[in-house]
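The following exercises are set for a reader who is new to this structure.

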There are 2 protein chains.
Amino acid sequence: MNRNEQQIMDIDQNEINREDDMNFTITPWEVSGGLDDDNLYIKLIKKFGTQSIDDLLISRIQEITGEIHPLLKQRYFFSHRDLGWIFDKYQHGEKFYLYTGRGPSGMVHLGHILPWIFTKYLQEKFDVKLLFQITDDEKFLYNINLSRGQIKKFTYENILDIIAVGFKPELTKIIIDTIHIKHLYPIALDISRKITFSTAKAAFGFSNNTNIGMIGFPPIQASPCFLPSVLENKPTPVLIPAAIDQDPYWRITRDVAEKLGYYKPAQIHSKFLPSLTMNSKMSSSKPDDAVLTTDEPEVVVKKIKSSLTGGQPTVAIQRELGGNPNKCPVFWYLKYFFDSEKKSNERFYRCTSGNLLCGECKNNLADNSKDFIIEFKKNRERAKNVISDFILDGKSDEVESIQNA
Amino acid sequence: MNRNEQQIMDIDQNEINREDDMNFTITPWEVSGGLDDDNLYIKLIKKFGTQSIDDLLISRIQEITGEIHPLLKQRYFFSHRDLGWIFDKYQHGEKFYLYTGRGPSGMVHLGHILPWIFTKYLQEKFDVKLLFQITDDEKFLYNINLSRGQIKKFTYENILDIIAVGFKPELTKIIIDTIHIKHLYPIALDISRKITFSTAKAAFGFSNNTNIGMIGFPPIQASPCFLPSVLENKPTPVLIPAAIDQDPYWRITRDVAEKLGYYKPAQIHSKFLPSLTMNSKMSSSKPDDAVLTTDEPEVVVKKIKSSLTGGQPTVAIQRELGGNPNKCPVFWYLKYFFDSEKKSNERFYRCTSGNLLCGECKNNLADNSKDFIIEFKKNRERAKNVISDFILDGKSDEVESIQNA
């Protein structure tokens, strides 16, 4: 735990338990108003009723896997439900499935692949199967300006990114909702008939103006939580690594799980990686704010060079007062993607003490990102030849329809 | 038009336009409180905003098909939308599809097959394709006490009934929602994102306690209205023969059709065939009230013999005052299934004038029904061998899964 986070943890929880402090909107479709709040993640743990990841749990992971992933050590994954239970099951010989997803509303940016990198680490260390859901239906229902053709194109491009992360083909199945709906639909029906509109309204903020597709959708995203039990023909534990904005889905899923004879899905929640303008989580619908995996190297450099930072208006003030790395997307990107813990702490102290100027950090991030993306693009190219290894069922006509997007 | 219906048509429409006169509940899932109301069907035309089938339309059908089906002549099919338009299209060389359906919540009874017999007549006369949807998902969502296994069994049994009616295999495709969801889902998404919860609530009477599966379901039942356009790769007219309780589905379907580039589906609405107790439309969830297609001949006779009628408490009173055929399920079953128009009119006058006792009508209905069902059962047996000819796609594993219900 670094100093900044320790400070957050030390705050009296009662202090932040007032409704008027929850001045942000976090739903699966909107994250706004909270990313400059130092206590955001503590508040979310409180609001959603999850658990923070403590040192005991970290040491258990180290005991089982032999290492702690930096994203866990740095608490990019900061919250969970039933993680200890998943480890109990694992240590008693019951292997879990990993389940995560992607809504194909745009091209993939660096913020998206961070949880996937962590998911890959979990797959490797625990040697477990992964279901990766592409919610093309959800994105079609939510973004009324997106055409089916656009979503199909993003689905294809996003699949290349997923494969490029390096998941094991023999342990990974990508589910595309509109293609694989037959597998999901019966489970979704089981879930649907146990959730009233009242419950869904409270969890997702639906209103009278919400379209009925959106209202009917949550069970489709919930169903891969139970698909492993269907595939394995026995109750099978599931662990979901995902950003915490997806939590409403897992709350309703957990509510119905035992009534349907399944385990409640366990979760490990990540923070949001802010966009380069810090206005919202990095969004691929605002491509200028985000470093895309498909950007040309010079575009990567240009975007990062024009990023907002936590720096002061002038060099003189920066030297005098120091910068604010907690409000600096460049700092966070370096911290989670490229800096070692030691290096990140040094950067933090040099910045706050006025000994580091923003240009240096931007150069560091630009150089690292450029190299990362050059390498990642090679993986994306290779991915084109192995798509059918990753798609659930892998039927040739279905794979072809993805490729012809 | 027989005398009774003429009387109904003569009532001043303003008289029945008051909300307090609409003291019945008609939704796709509940029909109650109106079947003893002589003006029910006029009120429904008013309430739903449909058109009554007039003599001009009848004569157009005769002109095209060379005959008028008794169920049309007797106004069992009494209401429509865009029927004239469908005939225009047909006469200009644009063939329509027929589309109807069945919710497999129980075994099939005589009341169910009446609209199917009429649908078969339309298929033969116009030589058109028919989509027959089995909404196993809807019945699962609505009847929380029905298990998946029970619905699967009813699906199989109901398919035998559908085939036994005698549709042409080369022109008929049965769609089972949970099996063929992949064909319906993309169209349902198109529809879903154009319908708000407010709209669905107004059309279907949904509340905060309705499960979100039911709220999300209507576009699944709407999607076969547009599937012909997808299959034929051009806008294709559709005519839906169905009982008028299904009308909310077609209202929302018509609302979105043109926005999506499709024709509005035309409809021809039937009345309800009351149960033998007249309490509600004949329901297969109350098997004692209904003559099932699978009943043994002696059971058919027993059920009909113990039916309610429109008769008086004693023979003496019946002779004096006459019976009330308008409130008599035995009379309606004879009228729609077995009596010629002439015979039915004679029965009506003999009854109302006190010259006919209920025993005679019950005997007539029992004899006719017994013969009908003995014959129908033979068709059901033959249907077992040709299921795959009727199922959309007709994949062997899917057909097998239906047969193994």
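**Exercise 1.** State how many bridges join β4(A) to strand β9 of chain A, and in which sense the two strands run.

*Solution.* Four bridges connect β4(A) with β9(A), residues 266-270, and the two strands run antiparallel. Strands are DSSP runs of E with at least two residues, helices are runs of H or I with at least four, and both are numbered from the N terminus; two strands pair if DSSP finds at least two bridges between them. Within this pairing, Ser79(A) has His269(A) of β9(A) as its bridge partner. The model is a predicted one, in which local features need pLDDT of at least 70 and side-chain atom pairs count only at pLDDT 80 or more, while totals for chains, interfaces and linings use all residues. Residues are numbered from 1 along each chain as its sequence is written, and chains are lettered from A, with ligands numbered from 1, in the order in which they are written.

**Exercise 2.** Is Phe48(B) buried, partly exposed or exposed, and why?

*Solution.* Phe48(B) belongs to helix α2 of chain B, residues 40-48. Phe48(B) is partly exposed because 18 other C-beta atoms lie within 10 Å. Leaving aside residues up to four places away in sequence, Phe48(B) touches Ile244(B) and Asp247(B), a contact being two C-beta atoms, placed from the backbone, within 7 Å.

**Exercise 3.** Describe the side of chain B that touches chain A.

*Solution.* Begin with the count: 28 residues of chain B contact 28 residues of chain A. The elements giving two or more residues to this side of chain B are α7, α9, α10 and α11 of chain B. The largest share, seven residues, comes from α9(B).

**Exercise 4.** Identify where in chain A pLDDT stays under 50.

*Solution.* The stretch is residues 1-20 of chain A, pLDDT being the predictor's confidence in each residue, from 0 to 100. Where pLDDT is low, the predicted coordinates should not be read in detail. For chain A, the mean pLDDT is 89.

How values were computed:
A residue is buried if 20 or more other C-beta atoms lie within 10 Å of its own, exposed if 12 or fewer, and partly exposed in between; C-beta atoms are placed from the backbone.
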